Amino acid sequence: MMFISVVMAVYNGEKYIEEAVQSILHQTYPQFELIIINDGSMDRTREILDRIEDGRVKIVHVETNQGAAASLNLGISHAAGDWIAIHDADDISEPTRLEEQVNYLRSHPESIGVGSLILGRIGDETVSNNSEVEYYNQILEKDQIYKNRLFMCYLCHGSVMFSKKAFYAAGRYNPKYKISYDYDLWLRMFEISPIQKIPKVLYHYRLREDSLGKQNTANTISELMTISSLHIYKKLIRKKRRQPILTVVGSKKGCLFFKTHVGKKYKKLNYVYVRTIKDSRKIRLLNKKGKIHAAVVLNNRLSNALTHRLLRRGPRWRRKVFKIWNYQF
């Protein structure tokens with residue numbers, strides 16, 4: 001029987017942590033442990049956790065807050081199981097979550113992980129007709145997952161169970177990312193194999209306006225742009241074995257945002273401001289001059305049409321043009 005390590009990181013989670021823990025302790029699947037990293041909480045979280053009397057629960061108190069990515073890495077380093085189920089400290093798992101995900105992995109031995117559909121949760125109420133919930137509830141085929149990986153993160157982080165071996169092979173969570181550390185991990189894991197979903201709600205995701213990602217949209221966009229463009233850049237370095245040139249394509253506003261928040265990470269960058277569909281000529285001209293190794297397209301209505309025009313020019317362009325996820329540019 002597969003042994004599962006459920007890993008949870010919590011910071012100031014006194015409001016929902018007990019409910020989250022109980023949703024795991026009441027799972028129908030018996031072979032699991034729950035590892036909780038208390039990441040320097042300053043509220044009653046420590047007191048609540050220390051009241052738990054269950055041999056399946058391991059609690060690690062960290063005195064100084066280090067962030068979710070570092071805490072999850074720490075939790076997984078304590079894991080006895082070969083499979084890791086992530087669980088956020090303010091969310092709830094359906095009682096059959098672990099059982100159904102284990103059954104999926106047994107019947108799909110080639111898989112390195114599996115997620116599920118979700119319900120949103122506001123207080124004690126469940127929500128399904130919400131744009132964020134609908135986004136996470138998309139079902140994609142393997143080729144679609146890989147094709148769209150730079151433009152969308154279709155996995156709700158806490159709903160995923162994955163192979164510990166694949167996690168370490170991909171390089172673990174990167175603690176420098178404070179918001180989109182899960183997306184960064186998925187991109188690296190997708191290079192091993194895409195992660196699919198069970199088409200059933202097994203996880204309740206807390207919809208909170210005070211979440212770190214929603215409190216500072218600019219930081220969120222910056223991290224997403226950095227993660228996806230660095231992923232492209234590193235693949236180009238491995239392929240070309242020399243310093244590649246990235247060409248950023250988008251509105252003037254989008255390109256200036258990229259230049260300010262992301263561009264310092266690269267030695268060679270071109271920018272193409274898109275004002276009309278005819279601006280695809282600028283990109284073709286740069287390509288003829290050998291100045292485009294990859295075109296990173298910032299999402300907006302006009303640049304999407306331009307991307308489509310370039311991709312129709314054949315496989316060479318399909319290997320060079322990448323649309324990345326950035327919310328608003």
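Predicted model: local features only at pLDDT ≥ 70, side-chain atom pairs only at ≥ 80, totals over all residues.
**Aromatic pairs**
- The structure holds 11 aromatic pairs.
- F162 and F167 are stacked, because their ring planes sit at 20° and the cut-off for stacking is under 30 degrees; their centres are 5.5 Å apart.
- Both of these phenylalanines, F162 and F167, are buried.
- F162 and F167 also belong to a cluster linked by ring pairs, along with Y168, Y173, Y181 and W186.

**Charges over rings**
- Have a look at Y16: R206 lies over the face of its ring, 3.6 Å from the centre.
- Over at F151, the charged end of K323 sits above the ring, at 4.4 Å from the ring centre.

**Two packed helices**
- Helix 12 covers residues 280–288 and helix 13 covers residues 301–311.
- Their axes are 10 Å apart and the helices pack at about 45°, so helix 12 and helix 13 count as oblique to each other.
- The crossing of helix 12 past helix 13 is right-handed.
- Where they meet, helix 12 brings S280, I283 and R284, and helix 13 brings L306, R309 and L310.

Conventions. Residues numbered from 1 in each chain as written. Heavy atoms only, no water. Phe/Tyr/Trp six-rings, centres within 6.5 Å; stacked < 30°, edge-to-face > 60°. Buried < 20%, exposed > 50% of the residue type's maximum accessible area, 1.4 Å probe, protein only. Lys NZ or Arg CZ within 6 Å of the ring centre and 35° of its normal. Axes fitted to C-alpha atoms, helices over the stretch in contact; angles between N-to-C directions. Helix = DSSP H or I, 4+ residues; strand = E, 2+ residues; numbered from the N terminus. Parallel < 35°, antiparallel > 145°, perpendicular 65-115°, else oblique. Left-handed = near helix turned anticlockwise from the far one by under 90°. Contact = heavy atoms within 4.5 Å.
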